[in-house]
2 protein chains.
Amino acid sequence: MLTDRQRMILNAIVDDYISSAEPVGSRSISKRGDVGYSPATIRNEMADLEDLGYLEQPHTSAGRIPSHKGYRYYVDHLVPWNSAETAEMGTIRAFFAEKLNAMEQVIQHAAMILSNMTNYTSILLGPEVFHTSLRHFQLLPLDDKTAVAIIVTSTGQVENRTVNIPPEISVSEMEKVVNLLNSKLVNVPLYKLKTRLYSELGEEMQRHISHYEELMQVLDIALESDQEQRIYLSGATNMLTQPEFKDVDKVKSILDLLEETPTLLKMLAPTTGGTGIQVRIGTENNHEAFANCSLITATYSLDGQALGSIGILGPTRMEYARVMGILGILSRDLTAMLAHWYK
Amino acid sequence: MLTDRQRMILNAIVDDYISSAEPVGSRSISKRGDVGYSPATIRNEMADLEDLGYLEQPHTSAGRIPSHKGYRYYVDHLVPWNSAETAEMGTIRAFFAEKLNAMEQVIQHAAMILSNMTNYTSILLGPEVFHTSLRHFQLLPLDDKTAVAIIVTSTGQVENRTVNIPPEISVSEMEKVVNLLNSKLVNVPLYKLKTRLYSELGEEMQRHISHYEELMQVLDIALESDQEQRIYLSGATNMLTQPEFKDVDKVKSILDLLEETPTLLKMLAPTTGGTGIQVRIGTENNHEAFANCSLITATYSLDGQALGSIGILGPTRMEYARVMGILGILSRDLTAMLAHWYK
DNA sequence: GGTTAGCACTCATCTGAGTCGAGTGCTAAC
DNA sequence: GTTAGCACTCGACTCAGATGAGTGCTAACC
């Protein structure tokens, strides 16, 4: 267990390093107004902290920088939870005051606001397919061969895809089926749509409708839900402004990873039981390219079920306190807005 | 006017520089199999070419690099038009053989293919609003206050936005209006929708329908077309692999510009009268950040009207011949596919 | 015992001189 | 008109020395 003084010194070092990106020495800590010890004392404590694994020395005659363990301790025990209303609150509140009337717009806009406020990269995950259900299904004929299938979800998102209609199937039959679907499948979660289609409607449809096989094929395509969740990135180039990423190769591997949707999805997926704000430091991200990055995520939800996540990606030397504060407010407000909107 | 030998030398220098990114000297040109002159002779010609403005010298004792004028000459007169079927053809043909049944998918996929093939950044511009017309309009109620307006366009794209429905307006009235719109406004270009709404339908609606004012407000929002055209970027990070962009600041200014939709739009907008493939070299892009970039664009069309553009962004030292070839094939095939699809 | 002043030591970074070599321009010979 | 030869230029690289921020250790101090 750390003594109070060690905690204070660790805190000071992390703070200093976060703002300067340079190894911090004993003298500079000693000179801060809030630390009443001489450099020598600080040095002794720093040596102890290094032994304990909270600090690292890039080379013998340089100052110390926090290790991953140091950041972890900082995040877990030292982050000044700015419960006080900060200037940030205003910006976020202003954002939610704006009237945006589509889920997609809100999320896209939120990503932009976040990256602008923090100067890091923001990653927003749209509402998950798992927790949205069918509100309405429609088939609009384009011509005699093709039609657009439109799926309106409970979160107000609209998905569409074009399907080919076999010539054997008549328009009136098609309509019958669509009506059937709407009466039976509304409020069924999207990912269950297909199985329910077979289990509950198969029999009935087979009775009433000719060309059952062909029709099922059409519906199969129509109800295929976008497995690829929508990911909104903003401020990816902010990575480039961080001094630790002046090496082009590192940045490239990070930016490339950001273009890889599946990997991002895995990273942002709300971990089981994880409530509130999660911080993954360096190697905790389980990805080489992110070894020098920290990812702070929060989830927003509806009815207690996580709908999507918000993430901020920055260097391990990140303004944890500020970002966590902002993320907390934003996820809370997003949750509140959703609750208000869909009740 | 350049002599044949000067042309050959200029060609050799540009080719060499394109593949090496290093200033090319007289000796290395001389050693190429296809040039039968000694370094000294080459040097003389190079000095002449420099006087004429086709070459530049980074410093006195370095080789020569092509100037913008040199690139321009190369592109206009020297590019080996590989009319022959290249290996690239296969990839592109394979792409079009795949069955993709939505315009958006095709474009998104094409952008990816392009950036992968060229290792540059590809920018695709979706079909312009100006040239697409209404195929179908629909209003799906979500609950008693809101509805989703769905616009299916002649190119098979589906746009949607959520609108609030004033309580005064009944469902049956709404339906009446939607039917009216579908019977009168189909095939009207999207950007004319609103004016036609007022000019052709205003009177009739006022006669049949109460709450005319409120209803018009709803339709106003519903028919608002996405002014922001969809832009598909792919391989933005390929910029980072080019040696001329190892300077992080330059890359950042380029990547930032790529995130700025309006600027990109302006750059990709098909220039008047420009048919075929356009090459904008360095400062011809009219943007500081692109001073060391070349942008090669082609358009694809339907019925002779430009629908959108394809662009490849790379360093001025770009594989012009290859990229122009690929772009030519792709735009032709895209045009052909559209024609086949929507006839 | 905790704290601090003092001091030798380390080591990354900066600086400037020296070297290297790719490439040029010019002249004279072929 | 072409080419060999040669002096010259100048960026890139190398290496030694200076610099200074920062450390660890010891001994004195409260």
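**Stop one: around the DNA**

The residues of the surface near DNA strand D divide into six nonpolar, eleven polar and three charged. Here Ala, Val, Leu, Ile, Met, Phe, Trp, Tyr, Cys and Pro count as nonpolar, Asp, Glu, Lys and Arg as charged, and the others, Gly among them, as polar. A residue is near a strand if its C-beta atom, placed from the backbone, lies within 6 Å of it.

Before you click on, a word on the model: it is predicted, local features need pLDDT of at least 70, side-chain atom pairs count only at pLDDT 80 or more, and totals for chains, interfaces and linings use all residues. Residues are numbered from 1 along each chain as its sequence is written, while chains are lettered from A and ligands numbered from 1 in the order in which they are written.

Now select Gly25(A), Ser26(A), Thr41(B), Thr60(B) and Ser61(B): of the 20 residues around DNA strand D, these come nearest. Next, color α2 (26-31) and α3 (39-52) of chain A along with α3 (39-52) of chain B, the elements that give two or more residues to this surface. α3(A) has the largest share, four residues. (Helices are DSSP runs of H or I with at least four residues, strands are runs of E with at least two, and both are numbered from the N terminus.)

**Stop two: where the chains meet**

Show chains A and B together: 25 residues of chain A are in contact with 25 residues of chain B, contact meaning that the C-beta atoms, placed from the backbone, lie within 7 Å. On the chain A side, pick out β4 (134-141), β5 (146-153), β6 (158-164) and α10 (248-259), which each give two or more residues. Which of them gives the most? That's α10(A), with six residues.

**Stop three: the axis**

Chain A can be laid on chain B with an RMSD of 0.2 Å by a turn of 180 degrees and a shift of 0.1 Å along the axis, superposing by least squares on the C-alpha atoms of residues with pLDDT of at least 70 in both. The two copies are thus related as by a two-fold rotation axis. To find that axis, select Val248(A), whose C-alpha comes closest to it of the residues of chain A, at 3.4 Å. The same surface serves both copies, as 100% of the contact residues of chain A recur in chain B.

How values were computed:
Contact = placed C-beta atoms within 7 Å.
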